[in-house]
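Visitor: Please pick one part of this structure and take me through it closely, atom pairs included. I would like to see how that part relates to what surrounds it.

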Amino acid sequence: MSTATVGDLVSQPYKHGFVTDIETEKIAKGLSEDVVRLISSKKSEPEFLLAFRLRAYRQWLQMQSPDWAALGYPQIDYQNIIYYAAPKQQEKKASLDEVDPKLLETFEKLGIPLSEQKRLSNVAVDAVFDSVSIATTYREKLAEHGVIFCSISEAVKEYPALVEKYLGTVIPSNDNYFAALNSAVFSDGSFVFIPKGVTCPMELSTYFRINSADTGQFERTLIIAEDGASVSYLEGCTAPMFDTNQLHAAVVELVVLEDASIKYSTVQNWYAGDENGVGGIYNFVTKRGQCRGDRSHISWTQVETGSAITWKYPSCVLQGADSVGEFYSVALTNNYQQADTGTKMIHVGPRTRSTIVSKGISAGHSSNSYRGLVQIGPKAVGAKNYSQCDSMLIGDQAAANTYPYIRSQQPDSSVEHEASTCRISAEQLFYLQSRGIGFEEAVSMMVSGFCRDVFNQLPMEFAAEADKLLALKLEGSVG
Amino acid sequence: MIRPDAPVLLEITGLHARVEEQQILNGVNLIVRSGEIHAVMGRNGSGKSTLSKVLAGHPAYTITEGSITYLGSDLLELAPEQRSRLGLFLGFQYPVEIPGVSNLEFLRVSTNARRAQRGEEELDTFAFEDLVRERLKVVQMDPAFLNRSVNEGFSGGEKKRNEILQMALLEPLVAILDETDSGLDIDALRIVADGVNQLAGPDNATLLITHYQRLLDLITPDYVHVMAAGRILRTGGKELALELERTGYEWVDQELANLGREPAEVL
Ligand SMILES: Nc1ncnc2c1ncn2[C@@H]1O[C@H](COP(=O)(O)OP(=O)(O)OP(=O)(O)O)[C@@H](O)[C@H]1O
Ligand SMILES: [Mg+2]
């Protein structure tokens, strides 16, 4: 490369943009009560679940798409989406050796080896391809500890009582427009149950892959930690490059009982669209955890780098006395990406504490908003919140906004909010480059300094990856 | 030290460059051999910093004509980071601040990039600390500066010392020091000059961009060049600097006029 400007450095193509050529069973486009029934019957679901879906569908019909976020996108045509797509293979396979090699290869290419020989030694993986889970590793080993880790479809069949007891109890089906849609048509996702007193012996993770072009993905995850239990869970997401937009509307519910803890980390790298903003995933996600017992603990860590649109507010309802909620977020937007993301910390019980650390990085023509609510209820005596929201701007076309909302009904509580904005300049990058430091590493040095507080929260295996991912995403954005 | 048979490190031929739509360099010619110290002088705005940034590979400048050969290869083919790894160093007139990046880590990554190019092993944090403590002595800098962010909140003089510290670590073959003497107090000027003299040797070369004889009293140049309107208008020995001190740059206008250019047009 000669006297290339940093801007000339070609944008690194999206590494996960390939399509797997595999025969897929799809239902016809469009949404109706019949489609909801069809999805349920394809999965041979029990009556309670069909009823849950139908109630949600009817609620959804009465609801409006939310318009309060700082996001601009054309109206979504819900009749132009396929609500169920599954790679054609008869039943979920008992052994991975029977899984279509093309699927194994797909995940291997994405850096998620599933086969017995190659899989990560301390991480159990549930791999979801389009609408269905194709494999879950280490199920037996986890079962020895009483830990259930499987796809939610399997959980519905094998542990219907647990699913019925908890599904929709954290996020009711009419919580919001997208949660209602998900409740009606969700296809698959992960289910985790950690029984009383058990510390999950390995990291759990789900890897979501959208493959089909016109399919929506509506996964549903439910994690329950009984008294004194604890688990760390990580989800990753990628999708091929298509020049149309695909809808992804997920729901994640966490239930945490007395002295239990769930640490939930996300590395979101859905296809973001091209440099002109064509294509990319519309990501509307509802994530919420309830600290139901005293001294329970939820920690959300997210690294959001993909999607054309991100609408996502992982939240904590702190009911139990002395329960703790945390939210650590890095949201990066480039080109024409838009993100409106943040959290809600709802303090109900006494002496509940929450921490919010949000780092927004906006490059290109993108827009990146932090939106957060800290609510202190009348019974939350001695509640404490600390929030820190920092923005980093790259180039002069990007926008960053912070919308912190604070509502307190309890005078004996404290809420602290700090915010800052900084900018990476071409001169700074040139300075580092002129000292022998390559572009990618230069950006990564600056960005990782900025994100350190959040990356420190990621499971070790993924922290270094996150650093690299951000640097890749920013290539070509400064100059 | 002038040795006619010394290898040529840097050769600039007919260099023209512009930034945005503005032509700034108008045919620079310069040959630098190992062991030499060159002083580059000239009025404000004559193109000295531009020349130095073009050499370092700043992306804002477009080369419209001419060539630069460095260690026998085409310099313009190399990315800025490759130039540094190959021993080209620019001490900036205005070093930027980089909040959030630790100075120590920055110096280590930078030094290791150069070492890797030279086939030397990478220094881990401990080995590097030893090296950096030794090199700090060259500029008599307080180790406390290592624990701060790169240049953040450094005074003007402290930034310049940090530049020389980088030079001491990178052991460049060609060091371009753009007004490293500006903003230094009297003691610091002596320290920096001593540092540059220590680092200058028979196998490397130094290009000192400066406005002041007081630096050249401490670092004796083999050549003095006067830049005007984006070219080297006159080259002489160290006595040329002394002459400038007496006469100023009045003659430059006359000489440019002789070249058929209006001074106003070139400013
Ligand atoms: N990015 C830029 N955009 C427009 N003009 C520029 C730019 N960079 C440099 N110039 C112009 O080019 C000319 C040469 O600038 P340069 O910084 O090379 O001068 P200099 O010789 O280093 O001056 P000084 O002694 O003041 O440091 C000046 O007129 C300057 O305004
Ligand atoms: Mg200058």
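Guide: Let me begin with a cut-off: a polar contact is a pair of N or O atoms within 3.5 Å. Please also keep in mind that this is a predicted model.

B:Gly45 takes part through its backbone instead: one of its backbone N or O atoms is 2.8 Å from an oxygen atom of ligand 1. As for area, ligand 1 taken alone exposes 630 Å², and the protein buries 67% of that.

Which elements build this shell? Strand E2 (22-33) and helix H1 of chain B are the elements that give two or more residues to it, and H1(B) has the largest share, with three residues. The shell counts 15 residues, and those that come nearest to the ligand are B:Gly45, B:Lys48, B:Ser49, B:Thr50 and B:His211. Sorted by class, nine residues of the shell are polar, three are nonpolar and three are charged.

Now for the neighbouring chain. Chain B brings 36 residues to its contact with chain A, and chain A brings 23 residues. Together they bury about 2300 Å², with carbon and sulfur atoms giving 63% of that area. There are 13 residue pairs in polar contact between the two chains, counting pairs with both residues at pLDDT 80 or more. H2(B) gives the most, six residues. By class, this side of chain B has 19 nonpolar, nine polar and eight charged residues.

Between chain B and chain A the count is one salt bridge. The side chains of B:Glu163 and A:Arg435 meet in it, at 2.8 Å from N to O.

For context, a search of the whole structure finds 27 salt bridges over all chains. One of them joins A:Asp390 and A:Lys359, with the closest N and O atoms 2.8 Å apart. A:Asp390 lies in strand E21 (residues 383-394) and A:Lys359 in strand E19 (residues 353-362), both of chain A, so the pair ties together parts that are 31 residues apart in sequence.

Notes
Residues are numbered from 1 along each chain as its sequence is written. Chains are lettered from A and ligands numbered from 1 in the order in which they are written. This is a predicted model: local features need pLDDT of at least 70, side-chain atom pairs count only at pLDDT 80 or more; totals for chains, interfaces and linings use all residues. Side-chain values use heavy atoms; hydrogens and water are left out. Contact means heavy atoms within 4.5 Å. Buried area is the accessible area (1.4 Å probe) that two parts lose on being put together, summed over both. A salt bridge is a side-chain nitrogen of Lys or Arg within 4 Å of a carboxyl oxygen of Asp or Glu. A polar contact is a pair of N or O atoms within 3.5 Å; within protein, one must be able to donate a hydrogen and the other to accept it, and residues adjacent in sequence count only if both atoms are side-chain atoms. Helices (H or I, at least four residues) and strands (E, at least two) are DSSP runs, numbered from the N terminus. Ala, Val, Leu, Ile, Met, Phe, Trp, Tyr, Cys and Pro count as nonpolar, Asp, Glu, Lys and Arg as charged, and the others, Gly among them, as polar. A residue is near a molecule or strand if one of its heavy atoms lies within 4 Å of it. Accessible areas come from the Shrake-Rupley method with a 1.4 Å probe; for residues, only the protein chains shown count as cover.
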